[in-house]
Amino acid sequence: MTRTSLAASLATLLLLTAAILPLQARAEDDDTDILSEARILRDPAIPAVGNADGDITIVEYFDYQCPYCRKISPDLAKVVRDDGHVRLVFKDWPIFGGASIYAARLTLAAKYQDKFAEAHEALISLNEKLSEAKVDAALTAAGVDLARAKADLTAKRADIDEVLARNHEQATGLGFRGTPAFIIGHFRVPGAPNIQAFKQAIADARAAANK
């Protein structure tokens, strides 16, 4: 790595670290508080991936058509895999239009056949503008029973839309202005961290939790 690129990487890390703000403590047992720790980190309607018993939770607010969400997805997956003790929660925040909303709804519907993780990976890996046909094709290729997903979406539409509304209210309530945006432990991390910044944020979250 050249001195210039190293300096740029360090500057990026410092910028991202400076953007980390403490997540204000909220009542654990207040089911009505959309910004409570429990509602943000452990929404029972959204399947978690990674280590279900991990000591640190990362929440990502994302859109399947967000280019930065797509770009950092492999890095995030690697960090979670290499760490081994991170619980990861993907919260759809479809802000790029109708195709994003369609993708978010169908992915959440796929959880009823235990295919949420596969559906998410299939769509976040696409590097093109989405359409309903492209979403359908990607989910089918990933092993999702599309007919069942659409039937579950019809049957559970109100529940799924409540999840999306909750995600939106949380993201805006936390002060995020776009995707991607993260909660790492009890810290808010807007923007698109690189691998080094993810690792530093996780380390900071662990240190804060152990105080």
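Select helix H5 first: its buried residues pack against strand S3 (56-62), helix H3 (67-83), strand S4 (86-92), H4 and helix H6 (132-141). Those buried residues of H5 (residues 116-124) are Phe116, Ala119, His120, Ala122, Leu123 and Ile124. Here buried means under 20% relative accessible area, exposed over 50%, and partly exposed in between (1.4 Å probe, protein chains only). Helices (H or I, at least four residues) and strands (E, at least two) are DSSP runs, numbered from the N terminus.

The model is predicted: local features need pLDDT of at least 70, side-chain atom pairs count only at pLDDT 80 or more, and totals for chains, interfaces and linings use all residues. Residues are numbered from 1 along each chain as its sequence is written, and side-chain values use heavy atoms, with hydrogens and water left out.

**The whole chain**

Among contacts (heavy atoms within 4.5 Å) between residues at least 6 apart in sequence, 75% join residues at least 24 apart.

Select Val49, which lies in strand S2 (residues 48-50). Leaving aside neighbours within four places in sequence, Val49 is in contact with Val86, Arg87, Leu88, Phe90 and Ala117.

**Helices H4 and H7**

Next, select residues 98-110 (H4) and residues 146-155 (H7). These helices pack at an angle of about 100°, with their axes 8 Å apart. Axes are lines fitted to C-alpha atoms, for helices over the stretch in contact, and angles run from 0 to 180 degrees between N-to-C directions. H4 and H7 are therefore roughly perpendicular; angles under 35 degrees count as roughly parallel, over 145 as roughly antiparallel, 65 to 115 as roughly perpendicular and the rest as oblique. Show the side chains of Tyr102, Arg105, Leu106 and Ala109 on H4, and of Leu146, Ala149, Lys150, Asp152 and Leu153 on H7, which make the contact.

**Aromatic rings**

Which residues form one aromatic cluster? Phe62, Tyr64 and Phe90 do. The whole structure holds 4 aromatic pairs, that is, rings of Phe, Tyr and Trp (its six-membered ring) with centres within 6.5 Å; planes under 30 degrees apart count as stacked, over 60 as edge-to-face and the rest as tilted. Phe62 and Tyr64 are an edge-to-face pair, 4.8 Å centre to centre with 80° between the planes, and both are buried.

Move to Phe182 and Phe198. Their ring centres are 5.2 Å apart and their planes are at 85°, so this pair is also edge-to-face. It links distant parts of the chain, with Phe182 in strand S5 (residues 181-184) and Phe198 in helix H9 (residues 195-209), 16 residues apart. Phe182 is buried at 0% relative accessible area, and Phe198 is buried at 0% as well.

**Cysteines**

Select Cys66 and Cys69. Each is buried: Cys66 has a relative accessible area of 1%, and Cys69 has 1% relative accessibility. A search of the whole structure finds 0 disulfides, defined as pairs of cysteine sulfur atoms within 2.5 Å.

**Two backbone stops**

Most residues other than glycine have a negative phi, and most peptide bonds are trans. Asp114, in the loop between H4 and H5, has a positive phi near 55°, and is exposed at 68% relative accessibility. Finally, select Pro180 in the loop between helix H8 (157-173) and S5: the peptide bond from Thr179 to Pro180 is cis, with omega near -10°.
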